[in-house]
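This briefing covers a few features of one structure, grouped by topic. Please look at the sequence and the model before reading the points below.

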Amino acid sequence: MMGNAYAIYKLNGKVVNVLSNLSHSEGEIGLQAETAEIFYRNIKIKVFDEARPMKDFLK
């Protein structure tokens, strides 16, 4: 998430969702699953010192 400019979500290295013009720039992160139990591992969150263009992450 790049402040409230955009957020990019990847699953197994592939982009699965892109959001822009967000109304929140900070807060809790919720992980949700429906219909069955799910296990998560190797979740990575990186904090950037400055904003970077969206194209850097869509490779």
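In this predicted model, Asp56 and Arg52 form a salt bridge, with their closest N and O atoms 3.5 Å apart. The count of salt bridges comes to 1.

**Salt bridge**
- Side chains of opposite charge can pair when their charged atoms come close.
- Asp56 has a relative accessible area of 27%, so it counts as partly exposed.
- Arg52 is also partly exposed, at 32% relative accessibility.

**Strands 1 and 2**
- Strand 1 covers residues 6-11 and runs antiparallel to strand 2, with 6 bridges joining the two.
- Leu11 has Lys14 in strand 2 as its bridge partner.
- The hairpin made by strand 1 and strand 2 has 2 residues between the strands, and Asn12 in this hairpin takes a positive phi near 55 degrees.

**Nonpolar surface patch**
- Ile29, Leu31, Ile38, Tyr40, Ile43 and Ile45 make a nonpolar surface patch of about 640 Å².
- Leu31, one of the residues in this patch, lies in the segment after strand 2, which spans 14-20.
- The relative accessible area of Leu31 is 52%; the cut-off for exposed is over 50%, so Leu31 counts as exposed.

Conventions
Residues numbered from 1 in each chain as written. Predicted model: local features only at pLDDT ≥ 70, side-chain atom pairs only at ≥ 80, totals over all residues. Heavy atoms only, no water. Patch = residues over 30% accessible without salt bridge, like charges linked within 9 Å, V, L, I, M, F, W, Y side chains within 5 Å. Areas by Shrake-Rupley, 256 points an atom, 1.4 Å probe, with all protein chains shown as cover. Salt bridge = Lys/Arg side-chain N within 4 Å of Asp/Glu carboxyl O. Helix = DSSP H or I, 4+ residues; strand = E, 2+ residues; numbered from the N terminus. Buried < 20%, exposed > 50% of the residue type's maximum accessible area, 1.4 Å probe, protein only. Pairing = 2+ DSSP bridges.
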